[in-house]
Amino acid sequence: MAAPVDDMFSFCTDPGKASSCVEVRFIDSVKGKGLFARRSIKKGDTIFMERPLVSAQFLWNALYKYKACEYCLRALETAEENARRLSGNPGLSLPHPELCRVRPELHQACPHCQVMYCSNECRQAAADQYHRALCLGPSQEDPDHPINKLQDAWRNMHYPPETSSIMLMAKMVAMVKQGQLALLHSLFTAALYDDHLSRWFVPEGFRSLFALVGTNGQGIGTSSLSQWVHACDALELPAQQREQLDSFIDQLYKDIEKETGDFLNCEGSGLFLLQSSCNHSCIPNAEASFPNNNFLLHLSALSDINPGEEICISYLDCCQRDRSRHSRHKILRANYLFVCSCPKCISQVDELDVTSEEEEEEEGEAEGETEDEMTDV
């Protein structure tokens, strides 16, 4: 049975209580807390689904016209509109347009600043939680408005690929201004062991909040085109039609790669209470995904998980996990401020501290690009 979308989170494949499937335990002063299975979980099972406490689209992603709901990050372009923009082909027509799940007729704008939402429900939820404090009204395009200046400063310090957004913190402060302090206090105390929200407003506290968002944020990616492709994959078609459709999709992605590169999705990040309890492993037994084309996180098992076993995700992508122990540690220290001691890293402890060939090649390419750019100048 699918869990109600209105629930903050639901657990396993049954919308019961967290204690029926997982529990958060304190491990030690180094790792802090962790998420553990209370019962057997099979490979492929959805362990839980969860909404974020707060989420925000990345600022460069929004600037480059990746249109997403300001509240739930649902992609607002139809699959065909998305494919046309990404491929640079304004006349492109997708077969089976009925498989696109985007419903433009439901989209609504904030009546004051014209920020877009995928539905009236999202517009109202944003207004109730934080948007009244952040709404720019007629100053939406005013570069001198303090919020626009804040976003511009962040963009100038954080170029793509993006990993977080200053608007996560802005929304959290706005929630406090709109009377959500009690909610934030109880949720953060339970999830993040920090009951001193007032510290946010002094320099030391702001640094603490910045670190919290940076190390606990979960990336979110949504795509109407990706949803359409998955729906096409599920169609039962005669062999010839299947071959034609697959060929069309393959060529479309080649065109998109040539025109746009790797940036295909509406992208942002969010703070998830349960998911933030998951520690990293270079051999994870679970992974997060966003199959609903919005911010609703699904945590799924990559392998069978036994009762009492820790549920771990990976902060590294597949390619990064295949690199040397030294390279993995370098990435994790730079982005998440810790040294990994997962079983894979322990088993490779005697390896020489050398950078993997993949990273050396990338660094060589980056140096070449820099030299080219300097020559052009």
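A residue counts as buried here when its relative accessible area is under 20%, as exposed when that area is over 50%, and as partly exposed in between (1.4 Å probe, protein chains only). The model is a predicted one, so local features are taken only at pLDDT of at least 70 and side-chain atom pairs only at pLDDT 80 or more, while totals for chains, interfaces and linings use all residues. Residues are numbered from 1 along each chain as its sequence is written, and side-chain values use heavy atoms, with hydrogens and water left out.

Now for the overall picture. The protein has 13 helices and 13 strands; these are DSSP runs, with helices (H or I) of at least four residues and strands (E) of at least two, numbered from the N terminus. Of its 377 residues, 44% are buried. A contact means heavy atoms within 4.5 Å. Among contacts between residues at least 6 apart in sequence, 68% join residues at least 24 apart.

Back to Phe36, which belongs to strand S3 (residues 32-37). Setting aside neighbours within four places in sequence, Phe36 touches Cys21, Val22, Glu23, Arg25 and Ile27, and also Gly308, Glu309, Glu310 and Ile311. With Arg25, 11 residues away in sequence, the C-alpha to C-alpha distance is 7.1 Å. In strand S4 (residues 46-50) sits Ile47, which counts as buried because its relative accessibility is 1%. The C-alpha atoms of Ile47 and Ala286 are 8.5 Å apart, although 239 residues separate them along the chain.

Helix H8 (residues 224-233) is mostly covered, with seven of its 10 residues buried. Those seven are Ser224, Leu225, Gln227, Trp228, Val229, Ala231 and Cys232. Their cover includes H2, strand S8 (218-222) and helix H9 (239-259).

Aromatic rings come next. Rings of Phe, Tyr and Trp (its six-membered ring) pair if their centres lie within 6.5 Å; planes under 30 degrees apart count as stacked, over 60 as edge-to-face and the rest as tilted. The whole structure holds seven aromatic pairs. Tyr71 and Phe295 make an edge-to-face pair, with 5.4 Å between centres and 65° between planes. This pair ties together distant parts of the chain, 224 residues apart: Tyr71 lies in the loop between H1 and helix H2 (79-87), and Phe295 in the loop between strand S11 (286-289) and strand S12 (297-301). Both partners are covered: Tyr71 is buried at 8% relative accessible area, and Phe295 is buried at 4%. Elsewhere, ring pairs join Trp60, Tyr64 and Tyr159 into a cluster.

The second largest pocket has a volume of about 1100 Å³. Of the 36 residues lining that pocket, Gln57, Ala62, Val115, Gln140 and Gln151 are the closest to its centre. A pocket, on a 1 Å grid over the protein atoms alone, is an open set of points where a 1.4 Å probe fits, with protein on both sides within 12 Å along at least five of seven lines; lining residues have an atom within 4 Å of a point. Grid points are joined across faces, edges and corners, and the volume is the space filled by probe spheres set on the points. Strand S5 (54-57), helix H1 (59-63), helix H3 (120-134), helix H4 (146-157) and helix H5 (166-177) each give at least two residues to the lining. H4 gives the most, with five. The lining divides into 19 nonpolar, seven polar and 10 charged residues, where Ala, Val, Leu, Ile, Met, Phe, Trp, Tyr, Cys and Pro count as nonpolar, Asp, Glu, Lys and Arg as charged, and the others, Gly among them, as polar.

Most residues other than glycine have a negative phi, and most peptide bonds are trans. The bond from Pro160 to Pro161, however, is cis, with omega near 0°, and Pro161 lies in the loop between H4 and H5. Lys65 has a positive phi near 70°; Lys65 is in the loop between H1 and H2 and is exposed at 56% relative accessibility. For His96, phi is also positive, near 50°. His96 lies in the loop between H2 and strand S6 (108-109) and is partly exposed at 25%.
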